[in-house]
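Please keep both in view while reading the points below.

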Amino acid sequence: MAEIIVSIAREFGSGGAETGRKLAGMLGIPFYDKELITLAAQKTGLNERYLEAHDEKPANPLSFALGAGMYLGGVQPVNQALLKAQFDTIRQLARQGSCVLVGRCADYILKDDPRLFSCFICAPLEQRVERIAQLHDLSHEAAEELIRKTDKQRASYHNFYSPQSWGRAASYDLCINSSMGIDNVVQLILAAIRLREGKK
């Protein structure tokens, strides 16, 4: 298979990270999800836990203006420092070769890269609630609240920094409902990548 960069955007609880990890394993290429935070922390020198707390969170208008160059006392807001570090890291990883990237606007950052194959993973809410409740030992009510909050943050983050709409089918090469099972989703992505390669 030729060099490929797969970006996976995902609804919370749909198994996007698990899909990406399995896909990367089958392709024999690197996988990056939370690892992007570690790499961004190394690049910025900022505390990794602090960066994780701001990960995929939208900036408010004031911090966006500050991040664009209107600094107070020369200090850049942490979410802008994280954003720049993550965007730079994603570009650097893409330059190194094939990989699977989860979230963090990778589909937009690399939109002009001919190797990019972008996916969006979704699933019915009830299925996601059951998954998150089990993974995080939460009640169904708490799991649903966490899902709605996280999805709202991811959509706001993506739509703030990208003109492409998070979760809108036309923004991706492939959108898949993971209720068919993660292994089947991985096989579908592999098949779609091979079909695209066959057209080149």
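In this predicted model, Trp 166 has a relative accessibility of 17%, and because buried means under 20%, Trp 166 counts as buried. Its ring is paired with that of Phe 120 in an edge-to-face arrangement.

- A pair of aromatic rings is described by the distance of the centres and the angle of the planes.
- Phe 120 belongs to strand β4 (residues 116-122), whereas Trp 166 sits in the loop between α8 and β5 (174-177), so the pair ties together parts that are 46 residues apart in sequence.
- Phe 120 is also buried, because its relative accessibility is 4%.

**Other aromatic rings**

- How many aromatic pairs does the structure hold? There are five.
- One of them joins Phe 160 and Tyr 161, whose rings are edge-to-face, with 5.0 Å between the centres and 80° between the planes.
- The two partners fall into separate accessibility classes: Phe 160 is partly exposed at 33% relative accessibility, whereas Tyr 161 is buried at 11%.
- Phe 160 and Tyr 161 also belong to one aromatic cluster, together with Phe 87 and Tyr 157.

**Salt bridges**

- The whole structure contains twelve salt bridges.
- Glu 18 takes part in a salt bridge with Lys 22, with an N to O distance of 3.5 Å. Both residues lie in helix α1, four residues apart, which is about one turn of the helix.
- Glu 18 also forms a salt bridge with Arg 131, where the closest N and O atoms are 2.8 Å apart. This pair links distant parts of the chain, since Glu 18 is in helix α1 and Arg 131 is in helix α7, 113 residues apart.
- Are these residues buried or exposed, or do they lie in between? Glu 18 is partly exposed, with a relative accessible area of 26%. Lys 22 is partly exposed with 33%, and Arg 131 is partly exposed with 26%.
- Glu 18, Lys 22 and Arg 131 are linked with Asp 183 in a network of salt bridges.
- In helix α5, the side chains of Lys 84 and Asp 88 meet in a salt bridge at 2.8 Å, N to O. These two residues are four places apart, about one turn of the helix, and Asp 88 is partly exposed, with a relative accessible area of 25%.

**A buried glutamine**

- Gln 86 lies in helix α5 (residues 78-96).
- Gln 86 counts as buried because its relative accessibility is 1%.
- Which residues does Gln 86 touch, not counting those up to four places away in sequence? The contacts are Leu 36, Ile 37, Ala 40, Asp 55, Arg 104 and Tyr 157.
- Among these contacts of Gln 86, Tyr 157 is a member of the aromatic cluster described above.

**The cavities**

- Rolling a probe the size of a water molecule over the atoms shows where empty space is left.
- The structure holds two cavities of 30 Å³ or more, and the largest cavity contains about 80 Å³ of space.
- Of the 16 residues that line the largest cavity, those closest to its centre are Ala 9, Gly 103, Arg 104, Cys 105 and His 158.
- β1 (5-10), α6 (106-109) and α8 (140-161) each supply at least two residues of this lining, and β1 gives the most, with four.
- The lining of the largest cavity has eight nonpolar, three polar and five charged residues.

**The largest pocket**

- The largest pocket contains about 590 Å³ of space.
- Its lining has 24 residues, of which Arg 10, Phe 12, Lys 34, Thr 150 and Arg 154 are the closest to its centre.
- α1 (16-27), α7 (125-136) and α8 each supply at least two residues of the lining of the largest pocket.
- By class, the lining of the largest pocket has five nonpolar, seven polar and twelve charged residues.

Technical notes. Residues are numbered from 1 along each chain as its sequence is written. This is a predicted model: local features need pLDDT of at least 70, side-chain atom pairs count only at pLDDT 80 or more; totals for chains, interfaces and linings use all residues. Side-chain values use heavy atoms; hydrogens and water are left out. On a 1 Å grid over the protein atoms alone, a cavity is a set of points where a 1.4 Å probe fits but cannot get out, and a pocket is an open set with protein on both sides within 12 Å along at least five of seven lines; lining residues have an atom within 4 Å of a point. Grid points are joined across faces, edges and corners, and a volume is the space filled by probe spheres set on the points. Ala, Val, Leu, Ile, Met, Phe, Trp, Tyr, Cys and Pro count as nonpolar, Asp, Glu, Lys and Arg as charged, and the others, Gly among them, as polar. Rings of Phe, Tyr and Trp (its six-membered ring) pair if their centres lie within 6.5 Å; planes under 30 degrees apart count as stacked, over 60 as edge-to-face and the rest as tilted. Buried means under 20% relative accessible area, exposed over 50%, partly exposed in between (1.4 Å probe, protein chains only). Contact means heavy atoms within 4.5 Å. A salt bridge is a side-chain nitrogen of Lys or Arg within 4 Å of a carboxyl oxygen of Asp or Glu.
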